[in-house]
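Hi,

Here is the structure I promised to pass on. Please open it alongside this note, and have a look before you read on.

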Amino acid sequence: MTAGAHDLRGRPVIVGAGVAGLLTALLLAPEPVVLISRAPLGGDSSSMLAQGGMAASLGGDDSPDLHLADTLAAGDGLCDEEAVRRQVEAAPRTIENLQRLGVLFDCGPDGSLRLGLEAAHSRQRIVHAAGDATGRELVRALTAAVRRTPTITVLEGMEARRLLIEDGAVAGVLVVADNSAVALSTARVVLATGGIGGLYGDTTNPLGSFGQGLALAARAGAELADLEFVQFHPTALDSPRRPMPLVSEAVRGEGAWLVDEHGYRFLADTPGAELAPRDVVARAVWQQLAAGHRVFLDARQCLGQRFTDRFPTIASLCLEAGIDPATQPIPVHPAVHYHMGGIAVDADGRSSVPGLWACGEVARTGLHGANRLASNSLTEAAVCAEWVARSVAAAPARARSRLLPAALPPRPDASAIRPIVSRAFGIVRDGETLREAAAALLPFAESDNAASDPAAVALMMMLAALRREESRGAHCRADFPQRDAQARSSRLTLNETLETAAGFADTSSPLARRA
């Protein structure tokens with residue numbers, strides 16, 4: 001049901017309407033809940049663009065232990081093994097639950113789920129929908145289920161600008177639509193706002209996904225974790241379109257090769273070749289481009305005329321760009337795709353701020369470590385939604401009769417930040433460039449204008465990257481190419497970041513030299 005913002009006091013508020021937000025709302029039923037969607041429900045989420053599928057150990061030759069091992073290997077020493085085990089064991093049942101909610105996964109002639117292979121998986125365990133439109137199908141089915149649920153109040157076209165905090169705990173959400181603000185009184189908020197790709201020029205994410213959930217949490221005092229780990233998908237379609245269309249890893253799973261303009265297969269001698277972990281493949285593609293080559297994904301031999309039947313969405317995007325993937329190699333370029341870092345949460349999605357939970361890409365659960373294993377993200381969003389909903393339902397419902405007034409922050413805009421982040425926070429980084437970027441971001445982050453929230457998130461990412469003086473997973477430092485013997489997770493608050501970044505203005509400062 002869709003309603004205005006009146007008479008909603010005390011209800012849990014979910015910010016974000018991708019897979020994580022939609023499913024959390026559904027799993028809270030029959031408790032009344034408020035779902036805030038910046039766009040019309042079902043649109044403008046990264047979930048909608050997800051071509052890859054959901055990883056779950058469903059095959060006869062597979063097991064949660066194998067899924068666990070593959071996830072830990074891809075995470076390069078930084079996964080929380082207990083969190084990984086819990087999630088991979090829950091994944092098969094989650095797939096069944098989604099089917100009961102109306103999600104139509106691809107099946108074989110015998111009715112069993114069709115399982116695909118993607119990079120760094122040792123078994124075929126990826127379930128897809130409509131070939132390469134899994135995210136769209138998930139959002140379709142879950143949106144329809146939300147519309148049918150009378151206890152879910154959907155506020156469409158509204159944006160959460162600030163969390164309201166009293167006595168160190170969540171007391172409400174400041175929500176804005178058309179410059180009109182309303183304070184929703186609640187002691188329970190779930191952030192399900194997606195990632196940070198909109199901070200970059202080259203991204204597969206909606207440009208509006210620039211870390212607003214991270215900004216909300218950070219300005220409320222929450223602890224954020226592992227912000228330096230940003231996954232670049234190695235094969236986005238190299239075209240002017242933004243967000244960049246994704247050429248799913250499943251194409252490489254079918255046998256497509258990465259080649260340069262001369263047809264040289266530059267990953268042939270790399271362990272795993274085209275199906276090596278994403279950080280390995282992305283760096284290899286970046287190195288080719290940096291050397292002046294072009295890079296193509298060649299599916300002519302493995303798929304040829306079958307390409308359109310197997311990957312209809314990708315084929316359509318290629319044809320729109322003037323490329324026939326059945327007869328021509330596809331030009332590709334790395335693009336920001338997923339953020340492994342996020343709001344630090346416990347096993348039930350609770351943040352360090354009482355009354356604040358996080359679910360989906362905005363949360364750092366410990367599943368992905370330093371480098372997300374392909375198709376674990378949609379699985380994480382769906383699996384964790386159940387635990388978050390259970391935790392929220394068990395928390396006391398409180399509402400104040402009157403909230404303290406809050407100033408109306410401007411609508412966030414990342415356009416001034418993108419050039420800084422794109423230059424400094426790419427596939428390969430170095431300390432000098434990161435420090436320069438942090439110094440440039442600090443005035444934006446401390447201001448009260450449209451760039452302040454995106455800049456605050458980007459600044460925290462810069463500081464996290466500066467502090468990690470090693471190369472691990474998706475974090476590659478040209479000035480620290482070695483991997484430390486001991487893995488460690490990073491933690492930051494916004495106040496700590498602002499204090500540290502202030503030292504960058506004085507290059508003689510020991511703080512600046514140490515960072």
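Predicted model: local features only at pLDDT ≥ 70, side-chain atom pairs only at ≥ 80, totals over all residues.

Residues are numbered from 1 along each chain as its sequence is written, and side-chain values use heavy atoms, with hydrogens and water left out.

**Helix α4**

Helices (H or I, at least four residues) and strands (E, at least two) are DSSP runs, numbered from the N terminus.

At the start of α4, a side-chain oxygen of Asp80 comes to within 3.1 Å of the backbone nitrogen of Glu82. After the helix comes Gly102, with a positive phi near 105°.

The buried residues of α4 include Val84, Val88, Ala91 and Ile95, where buried means under 20% relative accessible area, exposed over 50% and partly exposed in between (1.4 Å probe, protein chains only). Among the elements they pack against are α3 (64-74), α5 (134-147) and α11 (376-394). Gln99, also in α4, is partly exposed at 33% relative accessibility. Gln99 touches Phe105 and Leu113, not counting residues up to four places away in sequence; contact here means heavy atoms within 4.5 Å.

**The cores**

A nonpolar core is a set of buried Ala, Val, Leu, Ile, Met, Phe, Trp, Tyr and Cys residues joined through side-chain atoms within 4.5 Å. The largest has 70 residues, and Leu199 and Tyr200 have the most contacts inside it. Its largest share, twelve residues, comes from helix α14 (residues 452-467). A second, separate core of 45 residues includes Ile14, Ala91, Ala129 and Val154.

**Helix α15**

In helix α15 (residues 494-502), the buried residues are Leu494, Thr497, Thr500 and Ala501. They fall within an arc of 130° seen down the axis, so they line one face of the helix; the arc is taken from the directions from the helix axis to the C-beta atoms. Exposed Asn495 and Glu499 sit on the face turned away from that buried side.

How values were computed. Polar contact = N/O pair within 3.5 Å; in protein donor to acceptor, adjacent residues only side chain to side chain.
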